[in-house]
Amino acid sequence: MLELRLVQGSLLKKVLEAMKDLVNDANFDCSATGFSLQAMDSSHVALVALLLRSEGFDHYRCDRNISMGMNLNNMSKALKCAGNEDIITIKADDGSDTVTFMFESPSQDKISDFEMKLMDIDSEHLGIPEAEYDAIVRMPSSEFARICKDLSSIGDTVLICVSKEGVKFSTRGDIGAANIVCRQNTTVDKPEEATVIQMEQSVAQPFALRYMNSFTKATPLASQVTISMSSDLPLVIEYKVAEMGHIRYYLAPKIEDDEGAESHLETRPQAESKPEKEVRPKVETKPEVESKPQAEGEAPLETKLHVDAVDSKPQVDDIKAGVEVMDVE
């Protein structure tokens, strides 16, 4: 028996809005410690990881570990029927092929319930080992969203450079180029408006702006965003979900040589920094390699990130993968 009750139901609605454009179908894994999800986008360039700890719910009952496959767009449609102030309850019986969403108004004068069919999604669990990052930037999430939106009107790729001078966002397109620099600022009156940079060494990587703008859909969840970068690792963007968890996005960088050909990178995403044991959702880790490069030039993010070189040139030698596949008992 699974029963989760969240008085601040709008949080769950915001979480779904932050993921549904990136992932279509995914498994929600529930255990005694929390409610979680981990899934890649269809091109295997980006990964999203969600964790909502059990203590953050007003009522949490999970008699045994359960994995519920759902279409995120359908789930979002159901949650849109709930008011922003409504209390949301999620119920599922053992062995059932459906999940029920119940919405209660604060005054208890209206109660709605929606039953949705579960999906059988065949996938594997992806272990995320620990990693140290060369640079970590914490800045206002609204400012980060504004930067990504503004730069996408100029170009398709953003180059993020972190140095002692600050964090610089640059792009170039047919109409010209744009650069935005955010310097460290910790003297503001409100902590949520501060920009804090922790740097072991300078780092610069290019990323597809269309993915960055998709990640910023999580802006309503948190006033601050954390950006973690290393030269040989994927970008990690993290938003806190109230005091109950987080949503993290991992994005493979775009690597180009002097001739403009795309190369590939194998990566080791950031570890979940958690004292508690959590269930890792299922994701596909060994999809077939695309026969052509991605339209945007992104390197696929998976156990091994592959992308063919332009004009059928030989691929760059693999860098040893650091992603482990973990079996769930």
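Buried residues, those under 20% relative accessible area with a 1.4 Å probe and protein chains only, account for 53% of the 329 residues in the protein chain. The model is predicted: local features need pLDDT of at least 70, side-chain atom pairs count only at pLDDT 80 or more, and totals for chains, interfaces and linings use all residues. Residues are numbered from 1 along each chain as its sequence is written, and side-chain values use heavy atoms, without hydrogens and water.

The protein chain holds 4 helices and 21 strands, taken as DSSP runs (H or I, at least four residues; E, at least two) and numbered from the N terminus. An open sheet is built from 9 strands in the order β6-β2-β3-β4-β19-β18-β17-β11-β15, with antiparallel pairing; two strands pair if DSSP finds at least two bridges between them. Its edge strands are β6 and β15 (196-199), each pairing on one side only. Neighbouring strands are turned by 15 degrees against each other on average, direction ignored.

Helix α1 (residues 10-19) packs on this sheet. It touches β2, β3 (34-40), β4 (46-53), β18 and β19, a contact being heavy atoms within 4.5 Å. Its direction makes about 170 degrees with that of β4; axes are lines fitted to C-alpha atoms, for helices over the stretch in contact, and angles run from 0 to 180 degrees between N-to-C directions.

Strand β6 (residues 66-71) is largely enclosed by the rest of the structure, because 5 of its 6 residues are buried. Strand β2 (residues 25-30) pairs with β6 in the antiparallel sense over 6 bridges. Asparagine 27 has glycine 69 in β6 as its bridge partner.

Key: Buried means under 20% relative accessible area, exposed over 50%, partly exposed in between (1.4 Å probe, protein chains only).
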